[in-house]
Amino acid sequence: MISRSESEKAGQNQESETHRMMAGKVKWVTDIEKSVLINNFEKRGWVQVTENEDWNFYWMSVQTIRNVFSLEAGYRLSDDQIVNHFPNHYELTRKDLMVKNIKRYRKELEKEGSPLAEKDENGKYIYLDFVPVTFMLPADYNLFVEEFRKSPSSTWIMKPCGKAQGKGIFLINKLSQIKKWSRDSKTSSFVSQSSKEAYVISLYISNPLLIGGRKFDLRLYVLVSTYRPLRCYVYKLGFCRFCTVKYTPSTSELDNMFVHLTNVAIQKHGDDYNPIHGGKWTVNNLRLYLESTRGKEVTGKLFDEIHWIIVHSLKAVAPVMNNDKHCFECYGYDIIIDDKLKPWLIEVNASPSLTSSTANDRILKYNLINDTLNIVVPNGEIPDCKWNKSPPKEVLGNYEILCDEELAQNEGAERDLRNRSGPSIGLKGNRTREAGKTALTTWK
């Protein structure tokens, strides 16, 4: 018979053995129960703990990040802890704040006399015109009416500022449709951030590029490891999301969201939704299609312009972003291409869906998380948030670096442009007026 002291000793040995095995292993927590996340953590031999225990890596929802960094919670992260959101990511991911920050960025560049803020003869930005004309409602109601009257036949799209997945969105083409909404709003001043009443209204892109007669948008994943200096990566394996119903600009179809909104959350309820491919197409397929129908040069220019949009939207929010050293973020960028092959930034998502709608989707999202972790948790070891080196190319997987300000500054690659336009633009590029945009020789 084993004595009590022997069994206690055995228990202690087992406990210390467990501690020894856990020592040096990343301890993870998540409040998003998705297999593409958990499988990636387990594959690395990381150890799951609860949020009340010591953790190193927390993949959290935007609600949780609010609590972690709230003044009341007073949470203090240590150097071996990292999280997947910046504290005020909403400066980029809330529809109204994104537009406000981009408008401010353009005005500041203009004030500095930067060549980036150059305008054409109609007063339009040549290089920074990448968001549709947008107003906040109810705050900018009078400004909107003034703009609406300039082209009364145009269509506008209304979106609640704080919602996702196509919820609460509707199209209008008459002022009477918005007057009712405006009357129902209790206030004419800018609605507070927490309020559900704030909307943005944007000029609807009524000439989208169609493939097979259908409208689509582009979902691209962008990883930011630091905002100041900016270091960002784009994932090469994005995809297009197609509407299930053929596009028509006809006003009789303004209420048919299967024609106008590409969100999978909406399209999956359509009669023609295909669960095998999920109405999705890879970015590579889009590229091949455009190269064969429009030519290689214009296709290359389109993708350069998309990368340009991503970098400058991030530069627009960098000054106001709380660049906490414990944070990184993987954003879902939504881009629409019009029939002139001009890309438009529609919105940026802080929590791009990790739900898999198809088998290919599951593989893509698993690899996305895998490649993200390889960059933000080097070698799968316990993180050190003071580690701020550019990771070697071998670990980037399907990510490619879009902008590395630190590297650009170290190389002195753009000294002359920096002298003229104040803040670094972090890119090496040749500006060509004929192209109507900046043709970038390299993004590294």
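Modeller: Helices here are DSSP runs of H or I with at least four residues, and strands are runs of E with at least two, numbered from the N terminus. By that naming, Pro383 lies in the loop between α12 (359–376) and β16 (399–404). The model is predicted.

Biologist: Why does Pro383 count as buried?

Modeller: Buried means under 20% relative accessible area. Pro383 has 6% relative accessibility, so it counts as buried.

Biologist: What does Pro383 touch, leaving out residues up to four places away in sequence?

Modeller: Its contacts are Val26, Asn56, Asp79, Asp80 and Ile82. Take Asn56: 327 residues separate it from Pro383 in sequence, yet their C-alpha atoms are 6.9 Å apart.

Biologist: Now the sheet of four strands. What is its order?

Modeller: The order is β2-β1-β3-β4, the pairing is parallel, and the sheet is open.

Biologist: What makes β2 (47–48) and β4 (82–83) edge strands?

Modeller: Each of them pairs on one side only.

Biologist: Why do β1 (residues 27–30) and β2 count as a pair?

Modeller: Pairing needs at least two bridges. β1 and β2 have two bridges, so they pair, and they run parallel. Trp28 has Gln48 in β2 as its bridge partner.

Biologist: What makes strand β10 (residues 214–227) mostly covered?

Modeller: Of its 14 residues, 12 are buried.

Biologist: How do you know that β10 pairs with β14?

Modeller: Seven bridges join them, against a threshold of at least two, so they pair. They run antiparallel. Leu220 has Tyr333 in β14 as its bridge partner.

Biologist: Which sense does the pairing of β10 with β12 (residues 239–242) have?

Modeller: It is antiparallel, over four bridges. Leu218 stands opposite Cys240 in β12.

Biologist: What joins β10 to β11?

Modeller: A hairpin does, through two residues. Five bridges link β10 to β11 (residues 230–235), and the two run antiparallel. Val224 faces Cys232 in β11.

Biologist: And β9 (residues 210–211): how many bridges join it to β10?

Modeller: Two, and the strands run antiparallel. Ile211 stands opposite Arg214 in β10. β9 and β10 form a hairpin with two residues between them, and Gly212 in the turn has a positive phi of about 60°.

Biologist: Where does Asp338 lie?

Modeller: Asp338 is in the loop between β14 (329–337) and β15 (343–349). Beyond four places in sequence, Asp338 touches Ile205, Asn207, Pro208, Leu209 and Trp344.

Biologist: Why is Asp338, with Lys340 as its nearest side chain of opposite charge, not given a salt bridge?

Modeller: A salt bridge needs a side-chain nitrogen of Lys or Arg within 4 Å of a carboxyl oxygen. Lys340 is 5.8 Å away, so Asp338 has no salt bridge, though it is buried.

Biologist: Why is helix α11 called largely enclosed?

Modeller: Because 16 of its 22 residues are buried. α11 (residues 296–317) reaches 32 Å from its first C-alpha to its last, close to the 32 Å expected at 1.5 Å a residue.

Biologist: What is the mean pLDDT of the chain?

Modeller: It is 81, and 74% of residues reach 70 or more. Over residues 187–196, though, pLDDT is below 50, and this stretch has 14 contacts beyond near neighbours in sequence.

Biologist: How many contacts beyond four places in sequence does the model have for residues 422–444?

Modeller: It has 65, while pLDDT stays under 50 there. Where pLDDT is low, the predicted coordinates should not be read in detail.

Key: Residues numbered from 1 in each chain as written. Predicted model: local features only at pLDDT ≥ 70, side-chain atom pairs only at ≥ 80, totals over all residues. Heavy atoms only, no water. pLDDT = per-residue confidence, 0-100. Contact = heavy atoms within 4.5 Å. Buried < 20%, exposed > 50% of the residue type's maximum accessible area, 1.4 Å probe, protein only. Lys, Arg positive; Asp, Glu negative; His and termini not counted. Expected span 1.5 Å × (residues − 1).
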